[in-house]
Amino acid sequence: MDLAVWMTYLGVITALILFPGPVALLCMHHGLRHGRRRALATVVGGAMASLALMALSSLGLGAILATSETAFLVLKAVGAVYLVYLGVQAWRSPSEPMADPASEVGAVPAAHHSRFRLFSKGFSVGISNPKDLLFFGALFPNFIDLGQPQWSQFAILAMTWLAVDLATMTTYASVGSTISRWFGTSRRVRLFNRTTGGLFMAAGGALATSHR
């Protein structure tokens with residue numbers, strides 16, 4: 001792959017990933033409630049979802065989704081409902097003050113939020129938007145030279161995306177963990193829960209009303 005093409009791709013995806021979306025919001029939320037180390041499971045879950053969507057797009061499923069209105073609407077509805085569900089959960093989360101961030105443990109007992117559960121939530125949010133499948137299907141062809149082996153180029157694009165995604169989402173989780181010290185009162189925790197819950201529900205509503 002030509003270096004200039006790769007640099008252009010790097011600039012494009014960095015700008016895209018830095019813009020906060022549902023996965024970034026979830027990483028920050030988990031960073032605040034569970035600490036940076038535990039929230040890394042959420043980060044990895046979201047990154048694995050992106051990798052799965054890239055693979056599906058490379059297999060042509062993105063093109064199938066683009067031509068099937070019914071499949072797109074069903075997947076979009078599932079994704080929207082899941083985001084709203086997360087919003088309701090966040091809205092109704094306990095309002096106990098956060099523990100010391102240095103302990104890497106949030107107000108909710110760690111036993112009730114295993115790393116696998118956090119990973120699962122990150123993966124579910126990351127893969128719940130069918131528009132991302134279309135996005136990867138439309139993005140990658142612009143940076144692949146058909147005159148060269150395509151799978152090696154796809155691997156470079158995918159690994160570059162994962163590197164930027166992991167670094168960015170880890171930063172969001174770290175920010176969430178850092179600001180947890182500001183949530184030492186029930187009132188502030190309640191405000192945080194309702195703010196993040198409202199943002200998740202808004203994201204679900206935006207997905208439900210969006211077009212391809």
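Trainee: At what angle do the axes of helix 1 and helix 8 cross, and within what distance do they come?
Mentor: The model is a predicted one. In it, the axes of helix 1 (residues 3-18) and helix 8 (residues 150-178) cross at roughly 35° and come within 10 Å. The crossing of this pair is right-handed.

Trainee: How do you know that helix 1 meets helix 8, and which residues are involved?
Mentor: The criterion for contact is heavy atoms within 4.5 Å. On the side of helix 1, the residues that meet helix 8 are Trp-6, Tyr-9, Leu-10, Ile-13, Thr-14, Ile-17 and Leu-18. Their counterparts in helix 8 include Trp-161, Val-164, Asp-165 and Tyr-172. By class, the contact of helix 1 with helix 8 has 12 nonpolar, 3 polar and 1 charged residues.

Trainee: Why are helix 2 and helix 3 called roughly antiparallel?
Mentor: Helix 2 and helix 3 pack at an angle of about 160°, and their axes lie 7 Å apart. Angles over 145 degrees count as roughly antiparallel, so helix 2 and helix 3 are described in that way. Their crossing is right-handed.

Trainee: Which residues make the contact between helix 2 and helix 3?
Mentor: Val-23, Leu-26, Cys-27, His-30, Gly-31 and His-34 of helix 2 meet helix 3 at Arg-36, Arg-38, Ala-39, Thr-42, Val-43 and Gly-46.

Trainee: What makes helix 2 and helix 8 oblique to each other?
Mentor: Their axes cross at roughly 40° and come within 6 Å. Roughly parallel requires an angle under 35 degrees, and roughly perpendicular begins at 65. The pair is therefore oblique. Helix 2 passes helix 8 in a right-handed crossing.

Trainee: Which residues of helix 2 meet helix 8, and how does that contact divide by class?
Mentor: Val-23, Ala-24, Cys-27, Met-28, Gly-31 and Leu-32 in helix 2 meet residues of helix 8, among them Met-169, Tyr-172 and Gly-176. The contact comprises 9 nonpolar and 3 polar residues, with no charged ones.

Trainee: How much space lies in the largest pocket, and what lines it?
Mentor: The largest pocket holds about 690 Å³ of space. It is lined by 28 residues, of which Gly-21, Pro-22, Val-23, Asn-129 and Asp-132 are the closest to its centre. Elements giving two or more residues to this lining include helix 1, helix 2, helix 3 and helix 8.

Methods
Residues numbered from 1 in each chain as written. Predicted model: local features only at pLDDT ≥ 70, side-chain atom pairs only at ≥ 80, totals over all residues. Heavy atoms only, no water. Axes fitted to C-alpha atoms, helices over the stretch in contact; angles between N-to-C directions. Helix = DSSP H or I, 4+ residues; strand = E, 2+ residues; numbered from the N terminus. Left-handed = near helix turned anticlockwise from the far one by under 90°. Nonpolar A, V, L, I, M, F, W, Y, C, P; charged D, E, K, R; others polar. 1 Å grid on protein atoms, 1.4 Å probe; cavity = no way out; pocket = protein on both sides within 12 Å on 5 of 7 lines; lining within 4 Å. Points joined across faces, edges and corners; volume = space filled by probe spheres on them. Parallel < 35°, antiparallel > 145°, perpendicular 65-115°, else oblique.
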